[in-house]
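Take a look at it first, and then we'll go through some of its parts one by one.

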Amino acid sequence: MAQPIVTPGPTSPTPRAPRLPRWLFWLIPLALLPLPLYLDQYRQYVVNLILVYVPVAIGFNVVIGNLGLLAFCNVAFFGIGAYTSGVLALKLGLPWWVTILPAGLMGALAGAAASVPALRGVRLFYLAIMTLAFGELLRWVYIRWVPVTGGSFGMSVPPPNVFGWVLDNEGHKYYAFLALAVITVVLTDRLLRSRFGRAFMAIKDNEQAAAAMGIPTDRYILLAFAWSGFVVGIGGSMYAALIGHITPIAFDLTELILQFAVVMVGGLGSLTGSVLGAALITTAPEFFRPFPGFLELLFGVLIVLVILFLPRGLASLLARLHPLFVDRYYRD
Amino acid sequence: MALLEIDNVTVRFGGLTAVDEVSLTVGAGEVCAVIGPNGAGKTTLFNAVSGNAAIGSGRILFQGEPIHGLLPHQISAKGVRRTFQNGGLFGDLTALENVLVGLHARVESGILGVLLASPSARRIETEATARARALLDLMEIGHVADQPAAQLSGGQQRIVEIVRALATEPPLLLLDEPAVGLAPHMREQLVSIIRRLAGQGIGILLIEHAIELVMSVADRVVVLNYGKKVADAPPAAVRADKNVLEAYLGHV
Amino acid sequence: MLAVLPQLVVSGIATGMLYALIALSLTVGYRATTVVNFGHGEMVMAGAYALFVFAGFGLSFAPALILALGLLFLWGALTQRVFMRPIISGPHLSLAMMALAIGYAMRGGARLRWGSEVVTLTRPYSQDVFMLGPMVVTMDDLAISGFVLVLMGSLSILFYLTPVGRLVQAVFQSQRGAALVGLNVHAFHAMMWGVGAALGAAGGALLGLFLPLSPDMGVWTLVRGFAAMTLGGFGSFHGAVIGGLLLGVMEKLLGFYINTVFIDITAYLITILVLLIRPAGLFGRQTVVRI
């Protein structure tokens, strides 16, 4: 068949969109390594808090940004991770580093449980309401299961311990947290870049067509929720180690809005956006602590503005600056 | 043995019989077009074959095996691929990624391999990407491979969707109104693509409203009206059929 | 144990009336726009505070309540017009987030202004207790049930018997049809969000009669409104009412006969179980989206 089928394009190999070389990514954590030398304990604590929210945001984004399902159960995974780590450390005397993986696995389990309504075909607002109820029910468990969780007063977690080395200042925690943040970013990046991540996005864009391409959509919805729970559960474990005292109130609807703000401002479906959002939004509560209510007002208005004027968040702004910043999970 | 055999299939939605005891076959390398007025049950018939609609009675055999009752992704895995009427592309994914999703079943990397970036997982991904690019180049739309599908022109989207459906070399392709919204010169190109695919032995079941396109590309034309088959013959014979004229005139 | 049953049912019905009103107010907005207002709880909260503010101007209960409902009607219509309409055809995530964020900002505003004060409303009646056979009925129970019944009664008359009501009914049935005959569907959406907000505000006013006001009361009411709506079936008006009553009674019964913790979690359990087992609820017209 000599006749051209479509308007002829340039001859192969076709030009490709410019991309940053992958190894450049490693310069970021490398550049961040000497940070504790320049920060006092409080500032270091704020930076550590940002690192806690990196896995929390990227995990949340996998479900709402990449898979595109309206699930409000992220705080549930966060709480499960924190309490798993706390209970294992306090009741069984396990060192913190041993509890990180169980915290992630419990988060994954909660993720699998939270995906059940989605697997049964529940979508949209129904799914949102149901996952919201799931998260609130868990918070109620934290409050009521006093012998294990310490009830409303919460539980004090011993200082984190890594291979026998006690991380008793913020600078020490920083290195453990930086490593965990980098690991979760790299692993999630690999997952999203693979056929699994493509399947998530395909389900988001057109579930029926995804199934017609031979994708068992149920299995991938389960996987996305479980991965989200795993990563966020690790974030919860980091949170327990950072704060040292966990209470049910840390996992209420206010926290949910904070996490939403992080993902929406950073950029739905963008890994870079999640990290950006964590860096910018997480610190806000620290500044406005003396004015109760102001933060809610600010986040509320901020989310409204982002939805109206920057629906793909800061990541899209960055991408507009230069095509090099276009990451794969983001399209404007 | 026919590639696809639809045998006395009935599909009901509540009290409405959308497809009423329809039988038809598609052979390897054959282009079979299904036409009929709006609401005649064409798309429902398609959905029944691809597993998106449950059949009330009858059988659907693909390569001699019953496929009714299977889930859409299972039917797809057996080698029945389809396109959708109103843009079934994944708009946020690039053209290339769309084709990679089409190749999903062929990209057999495990989750551990992916997370650890094992050499075999990387190799599988590289090979799949190369194949997807080659397929797009083959259809001469390689230059838009890295553009999000939502930004492509209507004609390019249609071709990406066909490439995506064909990526795993399925024996049977279902095309749901592929010519809708295409400019006349694009329609000619579509005809040549369909003929070329049939020439390679792929069986094609086609729903189309554009009669002149159907007449020039189909080996056989099946006419549905009110869910019933009213004609099944070569294009020229269908054109002269009184039942067909009635089916259309009754609605015009 | 069984001797308490009638008493539990009676007080359950009174609470249930309140839930029914909130579920009904959610349903009005949902039926008109097919968008669930995740910030609806804050409309309820704002209604209570608005009543408090107007009462502070020296107005007596009834005029203060009418002003509060009017204000919330305007605010509801305004938020729909300004914030929801521009994104109405966008993804559901944005719609849900938008409503949630508006509610969140309202909650923040309320906390900034009243967060450190104890704010209570004064009952416009004396706190009497009646004996109905062996059952104790408080004036609060009567006031809530009476107010909700009168409100629902007048709404039903408005909806089923007047020309305006029939028009609204017609638009609920077919928005496209309404647009074809020249009705301004956008204005209708905004108006119905306003009506929903005003009805929710009425619920907030009732709640404020026997509970101190709090910026966080919206969350509590939203959860119960959702549960009642889910139980009755999304989008069904009489389903919302019956769901609310059932929820109120079930909270009391489970709380007494099994464990007091059920007073807190019945709403969550109902939401989860109904959506898993029978997503259409008792009277749902529309089932959950299935793919």
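## A covered helix in chain B

Helix H6(B) is mostly covered, with 11 of its 13 residues buried. Keep in mind that this is a predicted model. H6(B) runs over residues 154-166, and from its first C-alpha to its last it reaches 19 Å, close to the 18 Å expected at 1.5 Å a residue.

Which residues of H6(B) are buried? They are B:Gln156, B:Gln157, B:Arg158, B:Ile159, B:Val160, B:Glu161, B:Ile162, B:Val163, B:Arg164, B:Ala165 and B:Leu166. And what do the buried residues of H6(B) pack against? Their partners in chain B are strand S6 (80-82), helix H3 (95-102), helix H5 (119-138), strand S7 (172-176) and helix H7 (184-199).

Staying in chain B, have a look at the backbone. Most residues other than glycine have a negative phi. B:Glu21 isn't a glycine, yet it has a positive phi of about 45 degrees. B:Glu140 isn't a glycine either, and its phi is positive too, at about 60 degrees.

Where do they sit? B:Glu21 is in strand S2 (residues 16-26) of chain B, while B:Glu140 is in the loop between H5 and H6 of that chain. B:Glu21 has 15 other C-beta atoms within 10 Å, so it counts as partly exposed. B:Glu140 has 18 other C-beta atoms within 10 Å and is therefore partly exposed.

## Helices that pack in chain C

Now over to chain C. Two packed helices are described by the angle between their axes and the distance between the axes. Here are two pairs that involve H8(C), which spans residues 185-210.

| Helix pair | Angle between axes | Distance between axes |
|---|---|---|
| H3(C) and H8(C) | about 140 degrees | 7 Å |
| H1(C) and H8(C) | roughly 170 degrees | within 8 Å |

Start with H3 of chain C, residues 61-84, which packs on H8(C) at about 140 degrees. That angle makes H3(C) oblique to H8(C). The crossing of H3(C) past H8(C) is right-handed. On the H3(C) side, the residues that meet H8(C) include C:Leu65, C:Leu69, C:Phe73 and C:Trp75. On the H8(C) side, among them are C:His189, C:Met191, C:Trp193 and C:Ala205. Sorted by class, this contact of H3(C) with H8(C) has 17 nonpolar, 6 polar and 1 charged residues.

Next comes H1 of chain C, residues 5-33, whose axis crosses that of H8(C) at roughly 170 degrees. H1(C) and H8(C) are therefore roughly antiparallel. H1(C) brings residues including C:Leu18, C:Ile22, C:Ser25 and C:Thr33 to this contact, and H8(C) answers with residues including C:Phe188, C:Met192, C:Leu199 and C:Leu207. By class, the contact of H1(C) with H8(C) has 15 nonpolar, 7 polar and no charged residues.

## Where the chains meet

How many residues does each of chains A and B put into their contact? Chain A gives 34 residues and chain B gives 41 residues. On the side of chain A that touches chain B, helix H8 (170-193), helix H9 (195-205) and helix H10 (207-212) of chain A each supply at least two residues. H9(A) gives the most to that side, with 7 residues. By class, the side of chain A that touches chain B holds 19 nonpolar, 9 polar and 6 charged residues.

Chain A also meets chain C, in a contact that takes 37 residues from chain C and 40 residues from chain A. On the side of chain C that touches chain A, helix H4 (92-114), helix H9 (217-232) and helix H11 (261-277) of chain C each supply at least two residues. H4(C) gives the most here, with 15 residues. That side of chain C divides into 26 nonpolar, 7 polar and 4 charged residues.

A:Met238 or A:Leu90: buried or partly exposed? A:Met238, in helix H11 (residues 217-243) of chain A, has 31 C-beta neighbours inside 10 Å and so counts as buried. Leaving aside neighbours within four places in sequence, A:Met238 is in contact with A:Val52, A:Phe177 and A:Leu180.

A:Leu90 is in helix H3 (residues 74-91) of chain A. With 16 C-beta neighbours inside 10 Å, A:Leu90 counts as partly exposed. Not counting residues up to four places away in sequence, A:Leu90 touches A:Met155, A:Val157 and A:Pro158. A:Leu90 and A:Val157 are 67 residues apart in sequence, with their C-alpha atoms 6.1 Å apart in space.

Terms used. Residues are numbered from 1 along each chain as its sequence is written. Chains are lettered from A and ligands numbered from 1 in the order in which they are written. This is a predicted model: local features need pLDDT of at least 70, side-chain atom pairs count only at pLDDT 80 or more; totals for chains, interfaces and linings use all residues. Axes are lines fitted to C-alpha atoms, for helices over the stretch in contact, and angles run from 0 to 180 degrees between N-to-C directions. Helices (H or I, at least four residues) and strands (E, at least two) are DSSP runs, numbered from the N terminus. Angles under 35 degrees count as roughly parallel, over 145 as roughly antiparallel, 65 to 115 as roughly perpendicular and the rest as oblique. A crossing is left-handed if the near helix is turned anticlockwise from the far one by less than a right angle, and right-handed if clockwise. Two residues are in contact if their C-beta atoms, placed from the backbone, lie within 7 Å. Ala, Val, Leu, Ile, Met, Phe, Trp, Tyr, Cys and Pro count as nonpolar, Asp, Glu, Lys and Arg as charged, and the others, Gly among them, as polar. The expected span of a helix is 1.5 Å times one less than its number of residues. A residue is buried if 20 or more other C-beta atoms lie within 10 Å of its own, exposed if 12 or fewer, and partly exposed in between; C-beta atoms are placed from the backbone.
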